[in-house]
Amino acid sequence: MGAEPAQNKGGEMTAAENQVIGKAMVQPVASAHPTPRIGLEQYYSEAGPDYAAWSREFNMHFGYYRAGSNPLHREAMLEQMNAEVLARLQLGANQEPRLLDLGCGLGATLRSIARCLPRALLLGLTRVPWQVERARALNETAGCSERVRVMEGDYEDTTLQSASYDGVYALESSCHAHGVDKGALLAEAHRLLRPGGRLVVADGFLAGGRFANALQQRVYRKLCECWVIEELAQLHPFTVRLEQLGFTDITFENLQMHVAPSVAHIPWVTLRFLLTALMFGKRRMTRARWNNVLAPVLLPLASAPIGPITYCMITAKKS
Ligand SMILES: C[S@@+](CC[C@H](N)C(=O)[O-])C[C@H]1O[C@@H](n2cnc3c(N)ncnc32)[C@H](O)[C@@H]1O
C-alpha cells in the first residue's frame, strides 16, 4: 500500500482524506500520559453503571446519524452504529456466522446483532470481570444467552482458536490497545479470522494533523488519562500495519459528521447525570466516575474540526 494507506469506501480516497492522513504521517503527535493512574478494570467497574445515563441498552459508544433520522433520539443513533458495524462485516448470505466482539463492554452490540441475525453465534471479550457478569445477566434477560457468550480475556492475546470467526469487530475499544498502530490487537484479529472474513474497527483516531497548541495537547493527555488510554491510534501506521499483516480490501471512512449529533448530547446528558448522581446518588463519586464525566466534555476540544481526533471506521479483509 505504501504511501496510499487505505481506499475510501466505494473507491479511491478523496484528496481531503489523503491530506488528512498525510499530515498525521509527517507531523507525528506526542503520545499521551504513559502511565494512567487508574487501571482499566477499576475504571470500567466503578464508572460502568453510569453508562446507563448515556444508553438504556448500555451502548458504550457514539451514535451514527443517518440523514432524515431524528438527531434527538440518541438510543436509535447508538443502535444504528451497531447496524453500521454489522453491515460492514459483509456477511452476505451467511445466516449463521460466528462473530467476535473485541472489547464488548456490556454486550449491547452483541445483542443488537443477535436480534438481526437470529442464528448467529456471538462471543464478546472484555478485560473487566464486572462487565462479564453484567453482560451475562443482560443476555439472560434478553433471552439470547445461548447464542451470545461473554468471556473475560485480553483481545491482544486470546486463547481462542485460529481462523474460527467469519467476522471480528472492535467498536470504540481499540483505543485501549497498545501502540499507535494497535499492532498486537490487529495481529490477533487477523489470526482469529477465517480467510475471507472481515475486521471492522470504529474509534477515534489521530488523523487530523497537529494539535492547535500546547493547551489542546494537554487536553488530549487528560482525556486519555480519564478514559485509561495510553494513546489513540494514528491512522497511517494503523492502516500500514493492516497491510503488513496481510489484510486486503482496506477501506477508510471519516464518520466525524455522522457521530457529531450524538456528541452534541454530551452537555445535556452530563448535566442530568451530575444532578441525579450528586443529589440522589447512593454510590460515592470516585475518581474513576469523575473521569468519566470529564472525558466526554474534553473530547470535542481536541476533535475535528478544531483538533486532530477524528472518528473513523476502518474495514479490512483477511485474504
Ligand atoms: C468504551 S468500551 C466499548 C464497549 C462496547 N464495544 C460498546 O461499544 O458498547 C471499551 C471496552 O474495551 C474493553 N477492552 C479494553 N482493553 C481490552 C483488552 N485488552 N482486552 C479485552 N477488552 C478490552 C473494555 O473492557 C471495554 O469493555
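The model is predicted. Of the 319 residues in the chain, 55% are buried.

**Whole chain**

- The accessible surface comes to about 14000 Å². Carbon and sulfur atoms account for 56% of that surface.
- Take the contacts between residues at least 6 apart in sequence: 79% of them join residues at least 24 apart.
- The whole structure contains 16 salt bridges.

**Helix 10 (residues 266-280)**

- Helix 10 has 15 residues, and at 1.5 Å a residue it should span 21 Å. Its end C-alpha atoms are 20 Å apart, which agrees with that expectation.
- The buried residues of helix 10 are Ile-266, Val-269, Thr-270, Phe-273 and Ala-277.
- The face turned away from the buried side carries exposed residues. They are Pro-267, Trp-268, Leu-271, Met-279 and Phe-280.

**Nonpolar surface patch**

- Leu-271, Leu-275, Leu-278, Met-279, Phe-280 and Trp-290 make a nonpolar surface patch of about 690 Å².
- Helix 10 gives the most to this patch, with five residues.
- Phe-280 is one of the patch residues and is placed in helix 10. Its relative accessible area is 60%, so Phe-280 counts as exposed.

- Arg-127 and Glu-41 meet through their side chains in a salt bridge, at 3.1 Å from N to O. Arg-127 lies in the loop between strand 3 (121-126) and helix 5 (129-142), and Glu-41 lies in helix 2 (residues 40-47), so the pair ties together parts that are 86 residues apart in sequence.
- Arg-127 is partly exposed at 36% relative accessible area. Glu-41 is partly exposed at 30%.
- Asp-50 forms a salt bridge with Arg-283, with the closest N and O atoms 2.6 Å apart. Asp-50 lies in the loop between helix 2 and helix 3, and Arg-283 lies in the loop between helix 10 and helix 11, so this pair ties together parts that are 233 residues apart in sequence.
- Asp-50 is buried, with a relative accessible area of 9%. Arg-283 is partly exposed, with 36%.

- The side chains of Arg-191 and Glu-188 form a salt bridge at 2.7 Å, N to O. Both residues lie in helix 6, three residues apart, or about one turn of the helix.
- Arg-191 is partly exposed at 26% relative accessibility. Glu-188 is buried at 7% relative accessible area.
- A network of salt bridges links Arg-37, Lys-222, Glu-225 and Arg-287.

**Tyr-311 and its surroundings**

- Tyr-311 lies in strand 9. With 6% relative accessibility, Tyr-311 counts as buried.
- Tyr-311 and Leu-255 are 56 residues apart in sequence. Their C-alpha atoms are 5.4 Å apart in space.
- Beyond its neighbours within four places in sequence, Tyr-311 is in contact with several residues, including Phe-62, Met-81, Leu-171, Glu-172, Asp-203, Leu-255 and Val-259.

**Backbone exceptions**

- Most residues other than glycine have a negative phi, and most peptide bonds are trans.
- Ala-163 has a positive phi, near 50°. Ala-163 is found in the loop between strand 4 (148-152) and strand 5 (165-171). Its relative accessibility is 39%, so Ala-163 counts as partly exposed.
- Glu-172 also has a positive phi, near 55°. Glu-172 lies in the loop between strand 5 and helix 6 (183-192). At 15% relative accessibility, Glu-172 counts as buried, and Glu-172 is among the contacts of Tyr-311.
- The peptide bond from Ala-304 to Pro-305 is cis, with omega near 10°. Pro-305 is found in the loop between helix 11 and strand 9 (309-318).

How values were computed. Residues numbered from 1 in each chain as written. Predicted model: local features only at pLDDT ≥ 70, side-chain atom pairs only at ≥ 80, totals over all residues. Heavy atoms only, no water. Helix = DSSP H or I, 4+ residues; strand = E, 2+ residues; numbered from the N terminus. Expected span 1.5 Å × (residues − 1). Buried < 20%, exposed > 50% of the residue type's maximum accessible area, 1.4 Å probe, protein only. Patch = residues over 30% accessible without salt bridge, like charges linked within 9 Å, V, L, I, M, F, W, Y side chains within 5 Å. Areas by Shrake-Rupley, 256 points an atom, 1.4 Å probe, with all protein chains shown as cover. Salt bridge = Lys/Arg side-chain N within 4 Å of Asp/Glu carboxyl O. Contact = heavy atoms within 4.5 Å.
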